[in-house]
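Q: I have a model open and want to go through it piece by piece. Can you take some quick questions?

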Amino acid sequence: MDNAQRTPTPQDLDTLSRQLGRPVRDVVEIGARCVCGNPLVATTAPRLGNGIPFPTTFYLTHPVITSAVSRLEAAGVMTEMTERLARDPELAAAYRSAHEAYLQARSEIGARSGIGDVPEIAGVSAGGMPGRVKCLHVLVGHSLAAGPGVNPLGDEALELIAQWWTRDRCYCEGAWDVQSEAPSKDLSRHTRTQGLSQADLDAKRAARQGGPRPGDGGTMTGEDA
Ligand SMILES: [Zn+2]
């Protein structure tokens with residue numbers, strides 16, 4: 001995509017919040033778009049506004065794709081891919097190249113967004129790259145942002161979800177709530193990382209809403225400083 005297509009509009013940010021069910025933050029670009037123009041992938045700054053380094057650059061946001069990829073994960077595709085990496089040197093080399101491409105893309109995003117290098121995460125990509133597969137959503141997000149031929153396992157996962165989602169069609173209708181007010185309170189407190197299950201997220205939310213915990217000194221600050 002060119003710069004104009006990458007730049008998030010207020011409408012894009014509203015759509016991302018609806019897709020994720022929470023306000024987005026630190027989104028510097030749109031990594032990939034549906035044929036209709038809606039975001040598929042949010043590109044997050046390599047350093048968040050609160051100063052924390054953030055290695056997961058490409059975050060899959062479209063609910064149709066995220067749930068299709070979750071089905072693959074539940075079916076054990078990650079284990080199978082990781083085993084193939086161990087015995088297929090050609091695949092392993094291509095996957096290592098994907099890791100390098102990820103780092104390169106992040107460096108370019110850091111430069112474009114004015115954030116610059118983030119030495120704390122130098123050499124660290126995401127999703128288990130370069131040696132394992134730990135989150136298919138990350139690999140698919142990378143494949144969608146980079147285009148075919150860059151991340152072999154992300155490309156493969158896209159082929160495996162073709163019965164539920166393909167690049168050439170719009171699957172946005174009814175995929176998220178467009179009627180209600182957009183989510184405005186960041187209940188997540190910390191930026192979520194791709195790969196947390198809904199159960200994990202619900203547990204975290206419940207823990208946060210449970211009031212002050214022992215050791216909190218009885219004060220609630222509401223937000224991290
Ligand atoms: Zn669409």
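Q: Is D26 buried, partly exposed or exposed?
A: This is a predicted model. In it, D26 has 18 C-beta neighbours inside 10 Å, so D26 counts as partly exposed.

Q: Where is the place of D26?
A: D26 is in the loop between α2 (10-20) and β1 (27-33).

Q: What is its phi, given that D26 is not a glycine?
A: The phi of D26 is positive, about 60°. Most residues other than glycine have a negative phi.

Q: Step back a bit. How many helices and strands does the chain have?
A: The secondary structure comes to eight helices and three strands. Along the sequence the pattern reads α-α-β-β-β-α-α-α-α-α-α.

Q: And what share of the residues is buried?
A: Of the 225 residues in the chain, 33% are buried.

Q: What about contacts between residues at least 6 apart in sequence: what share joins residues at least 24 apart?
A: That share is 59%.

Q: Now helix α6. How many of its residues are buried?
A: In α6 (residues 136-146), 11 of the 11 residues are buried, so the helix is largely enclosed by the rest of the structure. Among them are H137, H142 and S143, along with L136 and G141.

Q: What follows α6?
A: G147 comes after α6, and its phi is positive, near 90°.

Q: Which residues have the most contacts inside the largest nonpolar core?
A: Those are V41, I65, V69, L136, L139, V140 and A157, in a core of 40 residues. α6 gives the most to this core, with seven residues.

Q: Take A157 from that list. What is A157 in contact with, leaving aside neighbours within four places in sequence?
A: A157 contacts V69 and L72, and also L136, L139 and V140.

Q: How do α6 and α7 pack?
A: Their axes are 8 Å apart and the angle is about 95°. Angles of 65 to 115 degrees count as roughly perpendicular, so α6 is roughly perpendicular to α7.

Q: Which residues meet there?
A: On the α6 side they are L136, L139, V140, H142 and S143, and on the α7 side L153, G154, D155, A157 and L158. By class, the contact of α6 with α7 divides into six nonpolar, three polar and one charged residues.

Q: And α3 against α6, at what angle do the axes cross?
A: The axes of α3 (residues 63-74) and α6 cross at roughly 130° and come within 9 Å. That makes α3 oblique to α6. The crossing of α3 past α6 is right-handed.

Q: Which residues make the contact?
A: From α3 it is I65, T66, V69, L72 and E73; from α6 it is L136, H137 and V140. The contact of α3 with α6 has five nonpolar residues, two polar and one charged.

Q: Different spot. Is F58 buried or exposed?
A: F58 has 32 other C-beta atoms within 10 Å, so F58 is buried. F58 lies in strand β3 (residues 58-60).

Q: What does F58 touch, not counting residues up to four places away in sequence?
A: F58 touches G31, V41 and T43, plus G141, H142 and A145.

Q: On to the loops. Where does V150 lie?
A: V150 is in the loop between α6 and α7 (152-160). V150 has 18 other C-beta atoms within 10 Å, so V150 is partly exposed.

Q: What is V150 in contact with, leaving aside neighbours within four places in sequence?
A: V150 contacts A98, A101 and S143. The C-alpha atoms of V150 and Y102 are separated by 9.1 Å, at 48 residues apart along the chain.

Q: And G114, buried or exposed?
A: G114 has 8 C-beta neighbours inside 10 Å, so G114 counts as exposed. G114 lies in the loop between α5 (89-112) and α6. The C-alpha atoms of G114 and A45 are 9.7 Å apart, with the two residues 69 apart along the chain.

Q: Last one. Is the peptide bond from M129 to P130 cis or trans?
A: The M129 to P130 bond is cis, with omega near 5°. P130 is found in the loop between α5 and α6. Most peptide bonds are trans.

Definitions and conventions
Residues numbered from 1 in each chain as written. Predicted model: local features only at pLDDT ≥ 70, side-chain atom pairs only at ≥ 80, totals over all residues. Buried ≥ 20, exposed ≤ 12 C-beta atoms within 10 Å, placed from the backbone. Helix = DSSP H or I, 4+ residues; strand = E, 2+ residues; numbered from the N terminus. Axes fitted to C-alpha atoms, helices over the stretch in contact; angles between N-to-C directions. Parallel < 35°, antiparallel > 145°, perpendicular 65-115°, else oblique. Left-handed = near helix turned anticlockwise from the far one by under 90°. Contact = placed C-beta atoms within 7 Å. Nonpolar A, V, L, I, M, F, W, Y, C, P; charged D, E, K, R; others polar. Core = buried A, V, L, I, M, F, W, Y, C linked by C-beta atoms within 7 Å.
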